[in-house]
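Student: Could we go through this protein together? I would like to start with the overall picture and then look at single residues.

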Amino acid sequence: MPDRPVIWIPRRLSDATLERARRDYDVILNENDTPGSADEIVAMSAKVDGMIPCHSEHFSADVVARLDPRLRIVANHSVGVDHCDLAALRKTGIVVTNTPDVLSDATAEIAMLLMLGAARHAVRGDRIVRQGQWDSWSPSFMVGKQVTGARLGIVGMGRVGRAFAAKARGFDMEIHYHNRSRLRPEDEAGAVFHEDVDSLLEISDFLSLHCPATPETRQFLNADRIARLPRGAVVVNTARGALVDEPALLAGIESGHLAAAGLDCFAVEPGGNPAFASHENIFMLPHIGSATRTTRDAMGFRALDNLDAFFAGKDPHDRLV
Ligand code: DGY
């Protein structure tokens with residue numbers, strides 16, 4: 001390995017991250033902060049020993065096949081790695097890492113914001129006040145769905161799912177979950193395990209998705225599953241847009257079967273789904289789950305910790321491949 005490895009940082013990471021990266025590496029930074037295209041990723045792979053991409057840089061099988069052997073490590077600045085074809089990367093011998101743990105609380109905060117905002121008409125309320133249309137009050141004005149004490153179904157009880165459950169306990173929610181495997185009792189902290197997805201859906205006044213996007217979870221929330229939710233349920237997604245069949249979600253909103261949805265992730269990003277825009281009971285954010293200063297520093301440092309370990313000849317803590 002070179003004494004001072006060269007790394008590519010395609011997006012403008014936090015100042016603290018860039019400062020630390022420049023201290024220990026020769027950094028090539030994309031000052032424009034635009035997503036790295038397939039051709040850029042391939043071209044940079046011949047110039048650097050490592051990269052810190054975000055989920056905006058796509059390592060498809062095609063891209064991976066064209067990577068230069070100089071590239072030794074892809075230290076992702078994200079917990080989700082659905083932008084990387086891990087099977088293809090595994091074959092190349094390139095090490096791949098992610099940044100788990102450090103963004104769980106920030107993402108759970110956004111899930112809480114979306115759940116509360118969707119349940120209590122945040123979009124409509126903001127619009128009415130902002131546009132000077134708040135000219136009356138009545139007992140039936142903007143009546144929403146109460147979160148406190150309601151039943152919450154969590155799909156995917158990993159780090160973010162558990163962080164969200166911890167926050168939901170503060171609202172005295174009755175917590176139920178589905179996960180590939182049952183948690184240890186101390187991690188469940190009273191949450192009810194549903195081995196069967198349908199039985200979870202049937203009791204979920206609020207449903208929040210926290211599983212990774214994989215071929216198995218693609219379009220997890222489809223029309224059949226939406227129909228199983230109680231009438232008036234609220235859906236929250238801070239994981240990945242690929243988990244949701246968006247036309248089915250829209251149909252659920254338009255029929256009134258779903259009271260509301262809170263979405264931080266969309267099938268198409270950036271941009272989102274224009275068909276959602278006319279529905280004020282869909283509270284939308286532009287994929288900002290991990291966007292706090294504290295968390296962005298922590299993600300950058302975690303990616304650098306992984307690079308440091310790798311270039312010191314050790315196994316990076318968050319090695320996936
Ligand atoms: C993640 O880390 O996966 C977040 O979605 C931001 O990329």
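Tutor: We shall begin with the whole chain and then turn to its parts. Please keep in mind that this is a predicted model.

Student: How many helices and strands are there in the protein chain?

Tutor: The protein chain contains 12 helices and 12 strands.

Student: And what does it span along its principal axes?

Tutor: The C-alpha trace spans about 70 × 50 × 35 Å along those axes.

Student: Which domains is the chain divided into?

Tutor: Domain 1 is made of 6-98 + 293-311, and domain 2 covers 104-284. Taken over C-alpha atoms, the centres of domain 1 and domain 2 are separated by 31 Å.

Student: What share of the residues counts as buried?

Tutor: Of the 321 residues, 44% count as buried. As for contacts between residues at least 6 apart in sequence, 63% join residues at least 24 apart.

Student: Which residues touch the most other members of the largest nonpolar core?

Tutor: They are Met115, Val234 and Ala261, in a core of 89 residues. Helix H5 (residues 104-119) gives the largest share of this core, with 9 residues. Both domain 1 and domain 2 are represented, each with at least three residues.

Student: What does Val234 touch, then?

Tutor: Not counting residues up to four places away in sequence, Val234 touches Met115, Ala118, Ala119, Lys145, Phe206, Ala259, Ala260 and Ala261.

Student: Let us stay with helix H5. Is Ala106 buried or exposed?

Tutor: Ala106, which is found in helix H5, counts as buried because it has 22 C-beta neighbours inside 10 Å. Leaving out residues up to four places away in sequence, Ala106 touches Gly289, Ser290, Thr292 and Thr295.

Student: Changing topic: which residues surround the ligand?

Tutor: The ligand is surrounded by Cys54, His55, Ser78, Val79, Gly80, Leu103, Gly289 and Ser290. This shell divides into 3 nonpolar and 5 polar residues, with no charged ones. Gly289 and Ser290, which belong to the shell, are also touched by Ala106.

Student: Where is Val155, and what is it in contact with?

Tutor: Val155 has its place in strand E6. Its contacts, leaving aside neighbours within four places in sequence, are His178, Leu209, His210, Cys211 and Phe220. Val155 is buried, since 26 other C-beta atoms lie within 10 Å. The C-alpha atoms of Val155 and Leu207 are 52 residues apart along the chain and are separated by 7.6 Å.

Student: Why does Lys91 count as partly exposed?

Tutor: Lys91 counts as partly exposed because it has 13 C-beta neighbours inside 10 Å, whereas a buried residue needs 20 or more. Lys91 is found in helix H4 (residues 86-92).

Student: And where is Asp49, buried or exposed?

Tutor: Asp49 lies in the loop between helix H2 (38-45) and strand E3 (50-51). Asp49 is buried, with 21 other C-beta atoms within 10 Å. Between the C-alpha atoms of Asp49 and Leu307 there are 10.0 Å, although these residues are 258 residues apart along the chain.

Student: Which residues have a positive phi without being glycine?

Tutor: Met142 is one of them, with phi near 55°, and His287 is another, with phi near 50°. Most residues other than glycine have a negative phi.

Student: Where are those two found?

Tutor: Met142 is in the loop between helix H6 (122-130) and strand E6 (151-155), and His287 is in the loop between E12 and helix H12 (293-311). Met142 is partly exposed, with 13 other C-beta atoms within 10 Å, while His287 is buried, with 20.

Student: One last topic: which residues does a cis peptide bond join?

Tutor: It joins Glu269 and Pro270, with omega about -5°. Pro270 is in the loop between strand E11 (258-263) and strand E12 (282-284). Most peptide bonds are trans.

Conventions. Residues are numbered from 1 along each chain as its sequence is written. This is a predicted model: local features need pLDDT of at least 70, side-chain atom pairs count only at pLDDT 80 or more; totals for chains, interfaces and linings use all residues. Helices (H or I, at least four residues) and strands (E, at least two) are DSSP runs, numbered from the N terminus. A residue is buried if 20 or more other C-beta atoms lie within 10 Å of its own, exposed if 12 or fewer, and partly exposed in between; C-beta atoms are placed from the backbone. Two residues are in contact if their C-beta atoms, placed from the backbone, lie within 7 Å. A nonpolar core is a set of buried Ala, Val, Leu, Ile, Met, Phe, Trp, Tyr and Cys residues joined through C-beta atoms within 7 Å. Domain bounds come from an automatic or database domain assignment. A residue is near a molecule or strand if its C-beta atom, placed from the backbone, lies within 6 Å of it. Ala, Val, Leu, Ile, Met, Phe, Trp, Tyr, Cys and Pro count as nonpolar, Asp, Glu, Lys and Arg as charged, and the others, Gly among them, as polar.
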